[in-house]
Amino acid sequence: MNKLKIGIAGLGRAFSVMAESVARDPRIELVAGADPRAEARRQFELDFHGKSFSTLEALLEKSQVDAVYIATPHQFHASNTITACSFRKHVLVEKPMALTLEDCRAMITAAEDAGVHLVVGHSHSFDLPILETKKLVDSGSFGRVRMITALNYTDYLYRPRRPEELDTTSGGGAVFNQAAHQVDIVRLLGGGKVKTVRAITGDWDPSRPTEGAYSVLASFENGAFANLTYSGYAHFDSDEFCGWIGEMGQKKNPDSYGTARSLLKGNEAELKSLRNYGGPAYTTPQPSLHHQHFGVLIVSCEKADLRPLPEGVMIYGDAEKRLDPLPAPRLPRAEVVDEFYAAVVSGKPPLHGGPWAMATLEVCLAILESARAKKEIPLKHQTSASPT
């Protein structure tokens with residue numbers, strides 16, 4: 001087995017929820033990490049016995065890595081990716097790919113010029129129930145997809161945030177952070193190419209001055225359409241519709257309602273730092289007993305409705321209703337490692353490559369534009385975005 005030597009840029013929240021997958025996968029060797037926080041670097045060396053650096057440039061210059069997982073704040077994704085590519089390293093970068101289409105194009109060009117692979121994730125379109133739903137759609141047994149309904153209500157906006165996370169222009173807010181998941185999912189299942197977007201966003205709390213909610217109608221070139229609704233205002237919790245299984249696959253306590261708001265006291269940046277990887281209040285994420293999800297999702301085909309769940313896929317057909325169960329996840333977000341490893345080691349074109357992720361960002365930007373302009377927005381750069 002060819003082991004893939006990986007370095008991490010950004011030892012924060014995104015890394016902490018991926019850490020178990022990359023650390024326990026026998027195909028991966030986690031050799032280096034970079035972060036400006038000394039406490040995160042110390043924790044990384046303790047947990048993984050790798051080298052740590054204060055900058056990505058130092059990691060690339062002083063360690064032997066094949067690839068870099070970029071889990072830095074959104075505004076640094078483009079520059080970090082381009083830097084890694086300049087060292088001819090393969091790149092796995094967190095969503096959203098970048099904040100502008102121009103940056104996406106520059107990232108794609110940098111990877112192509114360096115001859116390296118670029119994969120964007122995690123998004124919840126990697127989740128096994130979503131991938132199994134796509135197999136059911138592709139089988140043709142249920143006819144064409146006609147409509148998709150996606151709905152998620154969370155406490156997203158009331159988790160501790162740095163100032164830029166509440167600033168849309170810096171990549172903050174529900175659209176850049178959360179719509180990237182829903183858009184990726186409905187594009188994967190609906191045919192890939194979005195034709196038009198009409199959206200309304202909600203910005204209802206002056207103390208959280210960014211989009212906390214949105215509702216979107218997206219039409220596809222193949223005639224299908226999708227409704228996407230999201231709220232992060234910490235009132236209703238749509239995990240109630242998923243058997244109180246949380247987004248990360250853990251069992252939730254329904255009595256914990258209101259916890260996010262009650263804990264949001266004092267300096268948020270300091271509070272987030274305390275809870276972040278390596279901080280004094282950091283706790284290791286609970287093991288996932290079920291598959292991850294992103295709220296309620298119903299795919300309406302001509303002959304059935306398909307609903308991915310944390311334990312499998314429900315099929316509501318013309319004459320039967322059944323659950324196609326899935327085995328419990330072997331590792332959280334293992335599908336991300338599967339796709340990245342297959343691309344780098346076996347040369348398999350990734351599904352969530354640069355053009356795919358750029359097309360998802362175009363939809364997210366169209367959501368913001370449509371809400372501002374109060375009109376439908378046609379999309380122009382979806383031609384290479386069909387799922388394979």
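Tutor: Two strands count as paired if DSSP finds at least two bridges between them. The model is predicted. In it, strand S13 (residues 312-317) and S14 pair in the antiparallel sense over 5 bridges.

Student: Which residue in S14 is the bridge partner of Gly312?

Tutor: The partner of Gly312 is Pro325.

Student: What is the strand order of the open sheet?

Tutor: In general, strands of a sheet pair through backbone hydrogen bonds, either parallel or antiparallel. Here 9 strands form an open sheet with mixed pairing, in the order S14-S13-S12-S11-S7-S10-S9-S8-S15. Strand S14 (321-325) and strand S15 (377-378) are at the edges; each has a single partner strand, so one side of each lacks a neighbour in the sheet.

Student: Which strands does helix H6 lie across?

Tutor: Helix H6 (residues 128-139) lies across strand S7 (145-153), strand S11 (296-301), strand S12 (304-309), S13 and S14, and runs at about 160° to S12. Helix H11 (residues 354-373) also packs on the sheet, where it touches strand S8 (194-202), strand S9 (213-220) and S15. The direction of H11 makes about 55° with that of S8.

Student: Why is helix H4 described as largely enclosed?

Tutor: A residue is buried when its relative accessible area is under 20%. Of the 10 residues of helix H4 (residues 77-86), 7 are buried, so the rest of the structure largely encloses this helix. Among the buried residues are His77, Asn80 and Cys85. Their cover includes helix H3 (56-62), strand S4 (67-70) and helix H5 (101-114).

Student: What is the phi of Arg88, which follows H4?

Tutor: The phi of Arg88 is positive, near 60°.

Methods:
Residues are numbered from 1 along each chain as its sequence is written. This is a predicted model: local features need pLDDT of at least 70, side-chain atom pairs count only at pLDDT 80 or more; totals for chains, interfaces and linings use all residues. Side-chain values use heavy atoms; hydrogens and water are left out. Buried means under 20% relative accessible area, exposed over 50%, partly exposed in between (1.4 Å probe, protein chains only). Helices (H or I, at least four residues) and strands (E, at least two) are DSSP runs, numbered from the N terminus. Contact means heavy atoms within 4.5 Å. Axes are lines fitted to C-alpha atoms, for helices over the stretch in contact, and angles run from 0 to 180 degrees between N-to-C directions.
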